[in-house]
Amino acid sequence: MIRVIKYLIVVATLLLAAYFRWTNLSREAFAGDGVQIFIKSLGVTHGKLTFIGPPMSAGTSHSPFSVYMYALPALLSPDFRVAIMFTGALHLIAAALIYKIGSRYFSFAAGFIGVLLFAVHPEALYISRQVLNTVLSPPLALAYLFTGVLGYYENKKFARWIHLSFLTLAAQCHPGGFFLAPVTLI
């Protein structure tokens, strides 16, 4: 019975996170890099392949990974708000991973506090309403951490097979993702 109550609390927290991420979708401005990514994504849905992502502040270009990721919601609708909902859905996956890592390796309280903070934190809410490279990385970085612990601490082979793939995908969102690489060594 207590286990059911714990899961209901976590599900309620995830529903709260979804509510905050999927209401008032027009609140954020449709401007900047998000426009470039989404326009390129619309092009991909019409058969125009791209090998260059949006420009970086360092003077080069990002990976086109985000363009292809945002082509998924663009296939459903050319409405920018659907892309924002896609980002929010990815951040809900990140929230679930925060809970899973915290509760599995620390305690229920650690997992619950982690997911609750991520659900209501203003910066987490702000970035979950963007269409950018960097906002795609939280679920990928957390999946990298989770598969690392599963693979090397719990000795699960399937997790070791996919572990570095998540690091590579997180780094496609932003090169800073490679700063997580020592986790594998540790």
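N24 is exposed, with a relative accessible area of 51%, where exposed means over 50% relative accessible area, buried under 20% and partly exposed in between (1.4 Å probe, protein chains only). N24 lies in the loop between α1 and α2 (33-45); helices are DSSP runs (H or I, at least four residues), strands are runs of E of at least two, and both are numbered from the N terminus. The model is predicted, and local features need pLDDT of at least 70, side-chain atom pairs count only at pLDDT 80 or more, and totals for chains, interfaces and linings use all residues. Residues are numbered from 1 along each chain as its sequence is written, and side-chain values use heavy atoms, with hydrogens and water left out.

The chain contains nine helices and zero strands, in the sequence order α-α-α-α-α-α-α-α-α. Its radius of gyration is 17 Å, close to the 16 Å that the globule rule gives for 186 residues, so the chain is as compact as a globular protein of that length. The radius is taken over C-alpha atoms, and the globule rule is 2.2 Å times the number of residues to the power 0.38. Along the principal axes, the C-alpha atoms fill a box of roughly 50 × 40 × 30 Å. Buried residues account for 41% of the 186 residues of the chain.

The largest pocket has a volume of about 190 Å³. Pockets were located on a 1 Å grid over the protein atoms alone, a pocket being an open set of points where a 1.4 Å probe fits, with protein on both sides within 12 Å along at least five of seven lines; lining residues have an atom within 4 Å of a point. Grid points are joined across faces, edges and corners, and the volume is the space filled by probe spheres set on the points. The lining of the largest pocket consists of R3, K6, Y7, Y99, K100, S103 and F108. Helices α1 (2-22) and α4 (80-105) are the elements that give two or more residues to this lining. By class, the lining has three nonpolar, one polar and three charged residues; Ala, Val, Leu, Ile, Met, Phe, Trp, Tyr, Cys and Pro count as nonpolar, Asp, Glu, Lys and Arg as charged, and the others, Gly among them, as polar.

Six aromatic pairs are present in the structure. Rings of Phe, Tyr and Trp (its six-membered ring) pair if their centres lie within 6.5 Å, with planes under 30 degrees apart counted as stacked, over 60 as edge-to-face and the rest as tilted. One of the pairs, Y19 and F20, is tilted, at 5.8 Å centre to centre and 55° between the planes. F20 is partly exposed at 29% relative accessibility. For Y99 and F108, the ring centres are 6.2 Å apart and the planes are at 75°, so this pair is edge-to-face. Y99 is buried, with a relative accessible area of 11%, whereas F108 is partly exposed at 22%. Both residues also belong to a cluster in which ring pairs link Y99, F108 and F112.

The second largest pocket has a volume of about 150 Å³, and its lining comprises L145, G148, V149, Y152, Y153, V183, T184 and I186. The elements that give two or more residues to this lining are α7 and α9 (182-185). Helix α7 gives the most, with five residues. The lining divides into six nonpolar, two polar and no charged residues.

Helix α7 (residues 137-153) has 17 residues and reaches 23 Å from its first C-alpha to its last, close to the expected 24 Å; the expected span is 1.5 Å times one less than the number of residues. Of the 17 residues of α7, 13 are buried. Just after α7, N155 takes a positive phi of about 60°.

Helix α8 (residues 157-173) includes L164, which is partly exposed with a relative accessible area of 45%. The C-alpha atoms of L164 and F108 are separated by 27 Å, at 56 residues apart along the chain. S165 is also found in α8 and is partly exposed at 39% relative accessibility. The C-alpha atoms of S165 and L140, 25 residues apart along the chain, are separated by 9.2 Å.
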